[in-house]
Amino acid sequence: MLHRKSGLSRRVFAVTALSALAAGGGAVAAGAAMAGGEPKRRRASREMRGVWVATVANRDWPSKPGLTAARQRTELIAILDRAVEDRLNTVILQVRPTADALWPSPYEPWSQVLTGTQGGDPGWDPLGTAVEQAHARGLELHAWFNPYRIANHTDPAKLVATHPARKHPDWVVTYGGRMYYNPGLPEVRAFVEKAILDAVRRYPVDAVHFDDYFYPYPVAGQTFDDDAAYDRYGGGFASRADWRRDNIDKLVRETAAGIKRIRPAAQFGISPFGVWRNADTDSRGSDTRAGVQTYDDLCADTRKWVRKNWIDYICPQIYWNIGFSAADYAKLLPWWAEVAEGTATRLYIGEALYKAGDPAQSAAWQDPAELSRHLTLGADHPEVRGHVFFAAKDVAADPIGAMARVIADHYQRPARSPR
């Protein structure tokens, strides 16, 4: 998650995908938002009320690299306390942002977001502390991992000498100014799963969480060079795209099986980009005109994962306002509800709190009630079991009171997370 792509995804730092969404404005569909002038309130005693805590590039926490262990811990506790204050019940903490770790991993180096130096021991155990302190406050702690991103640069010499990417340069693909592990190599998939499952083995995390990064977002004029892997392993597939999707399917299925084997009570959830496919590409797709489609561009068949019950929950990033012409929240939410209907996969909705009050965003995002309308719409669909907000820094700042409005309209009483 680093990062929100400003027109189409939550990641604002991943600017390369900004051009993916057709331009469009969009007035708020007020009629869909209110009933009798008052917000409709969800009555469920269990619903997801989550917040993402992004550590990549020190987006949400720690506030900067190189803080003392005590200061890092204080900032983390403040995030947990704020979640309780806002009557949230789940914190999704990014613990493997760039092929590194926020726990003492035997497989990957300490993250540089802690000390400023990759591999530098921070003097404490952030993930262990987060799990302990979240549970002490009645919060769930979902450990968030990015599977394939190695670095937001292209220089292997900037990685610590012991980094697996330096030991195995044949695992690395450089693309779009970044380095990635090659998802087409079985040894890469095995290593990534081993690194992730180490945290599941060590800590009583409530879930493993993936974001929207599988194969990287398209970069115009560039090719993701996996020719050698495709030549070696792709012979049984009709196309490279089918082979790539199978690689990601295997990652999802094998990770799910590993989690259940090690910690049966832990969940596995994924938060994909909000558009699986447009209807003009696939009749099963959504009524959208997105320039990015997860099935085609990220090689992630998110709809299949839900329909086949491979994951415990899905949390699509529907990071657009009601009425947005290219990807209307009021059309995408019902589409996802229909996908989840009749499955064992719970549906939560990813919400773009970071857009609320941002002067670079459209008029809809200057209205403090926009996000509250999203939850009102969700209450009309029983498949929607809650919402997750991007991200912790924006929950704390809340420049126009959008989060305060959500709390007042929908979170007057505490709720336990779904199980």
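**View 1. Aromatic cluster.** One aromatic cluster is formed by W52, Y319, Y354 and F390. Rings of Phe, Tyr and Trp (its six-membered ring) pair if their centres lie within 6.5 Å; planes under 30 degrees apart count as stacked, over 60 as edge-to-face and the rest as tilted. The model is predicted: local features need pLDDT of at least 70, side-chain atom pairs count only at pLDDT 80 or more, and totals for chains, interfaces and linings use all residues. Residues are numbered from 1 along each chain as its sequence is written, and side-chain values use heavy atoms, with hydrogens and water left out.

**View 2. The W103 and F145 pair.** The whole structure holds 23 aromatic pairs. The ring centres of W103 and F145 are 6.0 Å apart and the planes lie at 80 degrees, so this pair is edge-to-face. W103 is in the loop between β2 (90-96) and α3 (112-115), and F145 is in strand β3 (residues 140-145), 42 residues apart. W103 counts as buried at 1%.

View 3. Centres 5.8 Å apart and planes at 70 degrees make W276 and Y295 edge-to-face. W276 lies in the loop between β8 (267-270) and α9 (294-297), and Y295 in helix α9. Both W276 and Y295 are buried. R245 lies over the face of Y295, 3.9 Å from the ring centre (CZ of Arg within 6 Å of the ring centre and within 35 degrees of the ring normal).

Methods
Helices (H or I, at least four residues) and strands (E, at least two) are DSSP runs, numbered from the N terminus. Buried means under 20% relative accessible area, exposed over 50%, partly exposed in between (1.4 Å probe, protein chains only).
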